[in-house]
Amino acid sequence: MKPKVVLTSWVHPEVIDRLAQHCTVIPNTTRERLAREEILSRAKDADAIMTFMTDSVDDAFLAACPRLRVVGCALKGYDNYDVDACTRRGIWITNVPDLLTIPTAELTIGLLIGLTRKILQGDQLVRSGSFDGWRPVLYGAGLTGRTLGIIGMGAVGQAIAARLQGYELELLYADSLPLPVAMEARLGLRRVAMDRLLADSDYVVPMVPYGEDTLHLIDARAIAAMKHGAFLVNACRGSVVDEKAVADALEAGKLAGYAADVFELEEWARPDRPTKISARLLADSERTLFTPHIGSAVDSVRIAIEMEATTNILQVLAGQEPQGAVNRPVTKVAA
């Protein structure tokens with residue numbers, strides 16, 4: 001019999017076709033998130049499962065799927081997954097570390113420009129039917145001559161800096177690990193302490209992974225240290241930013257604007273996560289710009305992510321070490 005593979009989210013048909021050459025595939029044919037109970041019902045006798053950001057795999061999940069040999073994550077961050085439990089149970093866990101970098105950087109810059117130049121409000125004005133030509137309205141903030149600070153200079157931070165070349169911005173970054181001097185020069189970056197970045201930046205862009213040390217990295221205290229009238233853009237992880245503190249700062253006029261592609265309610269493994277986006281943020285359409293977690297939503301990129309997750313799964317099922325291995329299981333997968 002062919003090994004059974006469960007897909008928890010919708011994927012492109014060509015991905016299913018590739019898997020079907022070797023496996024019995026149980027796809028999610030909808031665009032909606034499956035409930036945990038439904039996933040477990042489908043995966044209880046599965047050999048492999050392809051998972052996505054909305055999933056959370058813990059020891060109890062693994063115990064309910066005793067045949068599982070690989071959890072193939074179609075994503076970069078895997079804090080929703082109990083890697084140690086997978087290792088103890090002899091289960092590979094894999095990810096796709098590189099393909100999300102460029103589209104996330106592009107969207108971050110899009111949010112920055114959209115927020116500061118009031119593009120959403122302009123679109124709404126034109127569609128309202130009341131627009132009949134130029135008026136002295138919707139004056140925003142340009143990028144030229146301003147200072148932008150990136151917190152975290154990993155792959156995405158570097159990609160953002162590279163794509164901002166030519167905007168005549170001063171680019172600051174804060175990171176515990178400095179970049180090589182030559183790279184700093186090429187990207188026009190200057191490394192500063194976190195408090196200096198917050199105080200000097202007109203635009204602040206956190207780009208760090210989510211973890212205990214970055215939970216609410218941008219909180220009321222950090223916002224208080226920022227320049228009055230600064231803009232904040234979050235396209236990394238929702239819980240890096242304290243949304244209540246942002247709403248307070250917008251109402252007080254401390255922040256001029258906030259844009260986000262990620263939200264605290266998406267932190268599935270966080271037990272105290274809010275279940276809704278702040279109503280105050282949603283109501284403030286003049287100073288906010290939101291997108292529904294589309295940082296990697298470039299069609300060609302999503303296919304590549306799904307295909308790489310497929311490669312990882314097929315390698316394990318063939319008795320090979322997967323190229324995207326996050327762990328090394330205690331029990332080896334039999335060839």
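**Exercise 1. In this predicted model, find how strands β10 and β11 pair, and over how many bridges.**

Step 1: Locate the two strands. β10 takes in residues 230-234, while β11 takes in residues 255-260.

Step 2: Check the sense of the pairing. The two strands pair in the parallel sense, over 5 bridges.

Step 3: Pick out one spot to look at. Asn 234 stands opposite Ala 260 in β11.

**Exercise 2. Work out the strand order of the open sheet, and say which strands sit at its edges.**

Step 1: Walk across the sheet. You'll pass 7 strands in the order β8-β7-β6-β9-β10-β11-β12, and the pairing is parallel.

Step 2: Look for strands that pair on one side only. Those are β8 (189-191) and β12 (288-290), the edge strands.

**Exercise 3. Which strands do helices α5 and α7 lie across?**

Step 1: Start with α5, residues 101-116. This helix lies across β6 (147-151), β9 (203-206), β10, β11 and β12, and runs at about 145° to β10.

Step 2: Move on to α7, residues 155-163. Helix α7 lies across β6, β7 (170-174), β8 and β9, running at about 165° to β6.

**Exercise 4. How many cavities of 30 Å³ or more does the whole structure have, and what lines the largest cavity?**

Step 1: Search the whole structure. You get 1 cavity of 30 Å³ or more, and the largest cavity holds about 40 Å³ of space.

Step 2: List the lining. Gly 114, Leu 115, Leu 120, Gln 121, Glu 286, Arg 287, Thr 288 and Leu 289 line the largest cavity.

Step 3: Trace the lining back to its elements. At least two residues each come from α5, α6 (119-127) and β12.

Step 4: Sort the lining by class. There are 3 nonpolar, 3 polar and 2 charged residues.

**Exercise 5. Describe the largest pocket: its space, its lining and which helix gives the most to that lining.**

Step 1: Take the volume. About 1,600 Å³ of space lies in the largest pocket.

Step 2: Find the centre. Of the 48 lining residues, Met 53, Leu 100, His 293, Ser 296 and Arg 302 lie nearest the pocket's centre.

Step 3: See who contributes. α7 and α13 (299-317) each supply at least two lining residues, and α13 gives the most, with 3 residues.

Note on methods:
Residues are numbered from 1 along each chain as its sequence is written. This is a predicted model: local features need pLDDT of at least 70, side-chain atom pairs count only at pLDDT 80 or more; totals for chains, interfaces and linings use all residues. Side-chain values use heavy atoms; hydrogens and water are left out. Two strands pair if DSSP finds at least two bridges between them. Helices (H or I, at least four residues) and strands (E, at least two) are DSSP runs, numbered from the N terminus. Contact means heavy atoms within 4.5 Å. Axes are lines fitted to C-alpha atoms, for helices over the stretch in contact, and angles run from 0 to 180 degrees between N-to-C directions. On a 1 Å grid over the protein atoms alone, a cavity is a set of points where a 1.4 Å probe fits but cannot get out, and a pocket is an open set with protein on both sides within 12 Å along at least five of seven lines; lining residues have an atom within 4 Å of a point. Grid points are joined across faces, edges and corners, and a volume is the space filled by probe spheres set on the points. Ala, Val, Leu, Ile, Met, Phe, Trp, Tyr, Cys and Pro count as nonpolar, Asp, Glu, Lys and Arg as charged, and the others, Gly among them, as polar.
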